[in-house]
Structure formats: C-alpha cells, structure tokens
Amino acid sequence: MRTVKATAAAVTVALAAGAASVAAGRYASDAALKAPPGRPLPTEPRLTVHCTAAGQVTLTRDLASLRPGTYGLGGDGTHAVVGPVLDGAAHSVDTVVRRLERVTHGTPRSGDRVWFTPNLHLGDPRTALGLDYAEVAFPGELGPLPAWFVPGSRDLWVITVHGLGATREHPLNVMEFLHRQQLPVLNLAYRGDPGAPASPDGLHHLGETEWRDLDAAIRYAVRHGAEQVVLYGWSTGATMALRAAAHSALRDRVAGLVLDSPVLSWEATLRALAAARRTPAALLPLAVRAAQGRTGLHGDRITQAAHPDRLRVPTLLVHGPGDTIAPWDLSRRLARRRQDLVTLHQVPDAPHAAMWNRAPADYEEKLRRFLTPLM
C-alpha cells in the first residue's frame, strides 16, 4: 500500500513539475509573442531621473545611459529626447548627465522611472515633423490596414515597417531624410498595431504571418503609381521585408531592401528576450517549444527567406555587435555570402533597432549612397 501511495505521490509531483515547466515556458515566450507596441523590450533597463536642469538631465549610471548618440527617453506619461553625455558636467559615481534636447510629452521629474527608446518623435508626420501626409488604408487579409503616406515626386516608393515592440512612429526618425530625397514613403501599421486588426491569436509571429500585411502595402503602392519599391524594415520588420521580397506575387517590383537590426533567427531572438526576463537557461528550450506550439513558428521558414541564395536585389544591411536581441553574426554571415548584393554598414555600441540613433548623419549618408542608384 505504501508503495502505491509513494508511486502516486511521485506521479503527482512529476505532473505538477511538468505543468509548472509548461507555464514557465509560456511566460518566457510572452516576452516576444506579447511584446506590447510602444513599450520597452525586457532587454532595456529602467533608469531613474535624479534631476533635470536647463538643457540637461541626470540619470542612473548604467551602460544604457552611457550609450553614445541621441535617443528618446520614455516614461509613464512622459517622453523626451536626450543627446550625448555632457563631458563637462558634474557626474557622480552613480549618475550620468546627458544633454536634454527637448521634452515632447509630459514633464520628466526627479524619481521618475524611464528607459531609452529609438523613437525620437511622437505623433504623425505633420505634428512631429511638419510634413504633409495622408492617412490611407488598404485591405489586408485580416481587415483594413492604416498607413501614413508622405508624397514625393519619384516613382520609386519606400515602404517602411517597424519591428518588435515599436509602432509606426519609429520610422519617423528617417522620414525627413527620405522626404528630402523626394521619395514617396508609405509607413505601415500592421496586425497587432494600434488601429490595425488584431492577430487572431493575439500574438506576434515575428514576421512569419505579418509579412502578408507588407505584401498588401506593396499592392497598394503599385496600384497608386509606384513603379518599384524599396522595403525598409527594422527588427522583425526586416524579417517581413525579406519574406515579402522572396514570396510576394509582386516581388519583381522590389528594387531593394534596407534591413536594420534584422531578426534572422526567431529562436535566437526569443531566447534573448526570455533570458532578459531572468528565465533560467534550463527553461529557454521550453520557451522555444511553447512559441512553436502557440504560433506554429518554424525557424526553417525565416532561414529560407534570409538564405543568401534567395536574395535577388541590392540590400543595405545595418547592424552591429551591440545588438543583444538579433545576433550580429547572422547579419555578418549573410553579407559575407552575398558581397555582390549586400552592403553591410557596421554600427558599434548601438542597441537593437537603434543603429540610426548612434550616428544619424553617418547612417543617412550610407542610406543616401545606397538609394541613389535605385532612384
């Protein structure tokens, strides 16, 4: 009798442990599959505002607050733009003083918890940049997809598509530059974004299904005068661009790709985000399996779309070794395998999807040199 009870207890413990592992795997996979748009990814540390003064803000000393470049500083109900670390300011061992370029929303106050974001702008192209634009919509497989259209005189359109945890405000960073090149820009909101249809399961698929919304944007552009398009994506938006260039029925209209911090392995990205949630290393494979079970994700599909042999058009790849979410080595390998088509611009000391922020003028010059022959 004691043996039966012991066996039953062991089975109960095993089932409980199994259920707990499944729950832990689901929670860990949420870091990527349920990343809310416009909120920081778990890799981005929370900092404290210690004080503000004319033209400067003092933040917790951290590798993030020491990053070179210009960034948005997000908070609950606030947003500002910060420039470089001020070398002449009085830094303490625990704080960093950066230039406060402008406050775009709310008022950062002492004690506020904030985070760095690539987004410098809030609002639409007119309110953020003073650019004329049209709010347009076109049919996608889940319903109408909204987009901002900034007109230009050329018949080469640029379709911009943001990545994981971002919104269509992120591409506003380069909108003025693209407008100066007289390029029409279609800035897409896709499934799961504010104002766009929700994914049926409420989850992100890391570009696996979302690329079909980008395909719908290509169809809209061609119907409205685009002879050719450049697909310009960040993070999982870059994954979507690769998928569309490989599988769209209109892929012959794709003249080029701009891939910023591309996610070329969804497993690696999911593991990185889950680890940033302090998921124990032993549970990371469970997070991967949970993501597969919940979404049907399969690494081979993304790998096939990003395979060097699938590339058919000139590609500007902008990435760097400081990206802890999308492995830099995969981008470097892709560029090395297709030197005939891929131009690699390496950006040091820049986090995921913030390559422009590190050195905007240098980034835009590389972008200008790439786009000019395509115009």
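Predicted model: local features only at pLDDT ≥ 70, side-chain atom pairs only at ≥ 80, totals over all residues.
**Helix α7**

Helix α7 spans residues 284-295 and has twelve residues. Its first and last C-alpha atoms are 17 Å apart, close to the 16 Å expected at 1.5 Å a residue. Its buried residues are L284, A287, V288, A290, A291, R294 and T295. These cover an arc of only 160° around the axis, which puts them on the same side of α7. An α-helix has 3.6 residues a turn, so residues three or four places apart point the same way. The face turned away from the buried side carries two exposed residues, R289 and G293. Just after α7 comes G296, with a positive phi of about 75°.

The T95 side chain makes a polar contact with the S92 side chain, at 2.7 Å. Leaving out residues up to four places away in sequence, T95 touches H50, T58, L59, T60 and R61.

With residues up to four places away in sequence left out, R358 touches P68, G69, Y71, V347, P348, D349 and A350. How far apart are R358 and N187 in sequence and in space? They are separated by 171 residues in sequence and by 22 Å, C-alpha to C-alpha.

Methods
Residues numbered from 1 in each chain as written. Heavy atoms only, no water. Contact = heavy atoms within 4.5 Å. Helix = DSSP H or I, 4+ residues; strand = E, 2+ residues; numbered from the N terminus. Expected span 1.5 Å × (residues − 1). Buried < 20%, exposed > 50% of the residue type's maximum accessible area, 1.4 Å probe, protein only. Arc of directions from axis to C-beta. Polar contact = N/O pair within 3.5 Å; in protein donor to acceptor, adjacent residues only side chain to side chain.
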